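Reader: I would like to learn how to read a model of this kind, feature by feature. Please give the general idea each time and then the case at hand.

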Amino acid sequence: MTRRILIRATGTARPGQLAGLGRALARCGARLLDINQSVTFGIVSLEALVGLDEDAALEATLNEAGDELGLDVQAIQVSADDYQRWTTQAGQPRLILTLLAPRLPAGILAEVGALTAEHGLTVELIHRLSGREPLDGEAPEYGACVECWLRGEEIDLESLREKALALGAMHGVDIAIQEDSIWRRHRRLVCFDMDSTLIQAEVIDELARRHGVYDEVAAITERAMRGELDFQQSFRERMSKLNGLDESVLNEIAMSLPLMDGVERLMKHLKRLGYRTVILSGGFTYFARHLQERLGFDEIHANELVIENGKVTGEVREPIVDADRKAALLREITEREGLCLEQTIAVGDGANDLKMLATAGLGIAYRAKPLVRSRARQSISTLGLDAVLYLIGYRQGDLDDLKDV
């Protein structure tokens, strides 16, 4: 009868330990069923599940090998029930829970542990995606990020996300939860809103400020971003107030647009990694083209201002890029590029972005209003826009290696 044994070895890491343990297991006629090894601060932890068809002096052989290798080795009998439970669990859906913040408070681990336990989830693996904190005590350059792999059955994903959002708000930490699949590692298209996502401004408000109608337009903008007004109606009302604005103002604003934190680093890496990048904006093509030239977007879709005799008329050419149009464009580009929606990412901040975020394989609300954060599947509020790279699953160390590519 086959016995299943869990081998656990720990000690100071040094070369040759895996080879030595492997030879010891081979002498006992063991078959390798599963294995995991990690090294943290020079301490190695190795766990191997093996099968034995015959009785063998396994413990004595492993203890002898451990003494030679400087390892504490344990052999733990695994019951048939435990093995069946392990096999069943391996077939359950996996979730990826990502913690992001300038710094991660230790208390968040206890809170996340309690939350996952409440939903019957087992934590399979925890690893860091961000770089190490500097010795001078400063926060990590690109923030702190830890990724947890979870498994469970009959998961109430909406309830889990809702509680995670509240927990994150309490601790100043972004907690993202996404289902793991092969597509998570093969995203190819990233679509961005522009105003208050790629840039730290609402361009229409800046135009209104130069035209002396800021207060009127800003009030309408705020209500639209909260989802209280129909976008097309509010958009036309705001545009009408810009009638007569001098065209020269557009260039002045375009040249002074403040980029969102992290956008240049994000775009650099997305381009090097082969992603297609698109602006889908309810703003204006005049400013989207400026960002395309500056940051290298592959294509842009926004609203075209009507300008006559050097003056803005307060009108735009059809079709207006509203929430439905953004979602439709995302689908059209995906099909044109021969992709599936699971391979797409959308990032935005307003109610006008929600349909686009829901359509994409990974929809991210970035520094969004509470209504948008609550309805989007993922959100980032504590770090720069380049934190999107963490949600895709990239390690900072791997990205740093791209610098000279």
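Reader: What share of the 405 residues of the chain counts as buried?

Author: This is a predicted model. Burial is judged by relative accessible area, with buried meaning under 20% and exposed over 50%. Here 48% of the 405 residues of the chain count as buried. The accessible surface of the chain comes to about 19600 Å², and 48% of that surface belongs to carbon and sulfur atoms.

Reader: How many helices and strands does the chain have, and what does its C-alpha trace span?

Author: The chain has 16 helices and 16 strands. Along the principal axes, its C-alpha trace spans about 95 × 45 × 40 Å.

Reader: What share of the contacts in the chain between residues at least 6 apart in sequence joins residues at least 24 apart?

Author: That share is 69%. Gly 338 sits in the loop between α12 and β14 (344-348). With a relative accessible area of 62%, Gly 338 is exposed.

Reader: How far apart are the mean positions of the positive and negative charges?

Author: The chain carries 47 positive and 64 negative charges, and their mean positions are 2 Å apart.

Reader: How many disulfides are there?

Author: A disulfide is a covalent bond between the sulfur atoms of two cysteines. The count for this model is zero. Take Cys 145: its closest cysteine sulfur is in Cys 148, at 9.2 Å, which is too far for a bond. The cut-off is 2.5 Å between the sulfur atoms. Cys 148 is likewise in no disulfide, with the sulfur of Cys 145 as its nearest at 9.2 Å.

Reader: Are Cys 145 and Cys 148 buried or exposed?

Author: Cys 145 counts as buried because its relative accessibility is 0%. Cys 148 counts as buried too, at 4% relative accessibility.

Reader: How many aromatic pairs does a search of the whole structure find?

Author: The search finds four aromatic pairs. To classify a pair, look at the angle between the ring planes: under 30 degrees is stacked, over 60 is edge-to-face, and the rest are tilted. The rings of Phe 192 and Phe 297 have centres 5.9 Å apart and planes at 80°, so this pair is edge-to-face. The two residues come from distant parts of the chain, 105 residues apart: Phe 192 belongs to strand β9 (residues 189-192), and Phe 297 to the loop between α11 (285-295) and β11 (299-303). Phe 192 is buried at 0% relative accessibility, and Phe 297 is buried at 4%.

Reader: Which pair is tilted?

Author: Phe 284 and Phe 287 form a tilted pair, with 6.4 Å from centre to centre and 55° between the planes. Phe 284 has a relative accessible area of 1% and is therefore buried. Phe 287 is buried as well, at 0% relative accessibility. Ring pairs also link residues into groups: Phe 235, Phe 284, Tyr 286 and Phe 287 form a cluster in this way.

Reader: Turning to the backbone, which peptide bond is cis?

Author: The torsion to read is omega. The bond from Glu 318 to Pro 319 is cis, with omega near -5°. Pro 319 lies in the loop between β13 (311-316) and α12 (323-336).

Reader: Which residues have a positive phi although they are not glycines?

Author: One of them is Asn 309, with a phi of about 55°. Asn 309 is in the loop between β12 (305-308) and β13. Its relative accessible area is 79%, so Asn 309 is exposed. Another is Arg 367, with a phi of about 45°. Arg 367 is in the loop between β15 (362-366) and α14 (370-375). At 33% relative accessibility, Arg 367 counts as partly exposed.

Reader: Which residues of helix α6 are buried, and what follows α6?

Author: In helix α6 (residues 203-211), the buried residues are Val 203, Ile 204, Asp 205, Leu 207 and Ala 208. Gly 212 follows α6 and has a positive phi near 80°.

Definitions and conventions: Residues numbered from 1 in each chain as written. Predicted model: local features only at pLDDT ≥ 70, side-chain atom pairs only at ≥ 80, totals over all residues. Heavy atoms only, no water. Helix = DSSP H or I, 4+ residues; strand = E, 2+ residues; numbered from the N terminus. Buried < 20%, exposed > 50% of the residue type's maximum accessible area, 1.4 Å probe, protein only. Contact = heavy atoms within 4.5 Å. Areas by Shrake-Rupley, 256 points an atom, 1.4 Å probe, with all protein chains shown as cover. Lys, Arg positive; Asp, Glu negative; His and termini not counted. Charge placed at Lys NZ, Arg CZ, Asp CG, Glu CD. Phe/Tyr/Trp six-rings, centres within 6.5 Å; stacked < 30°, edge-to-face > 60°.
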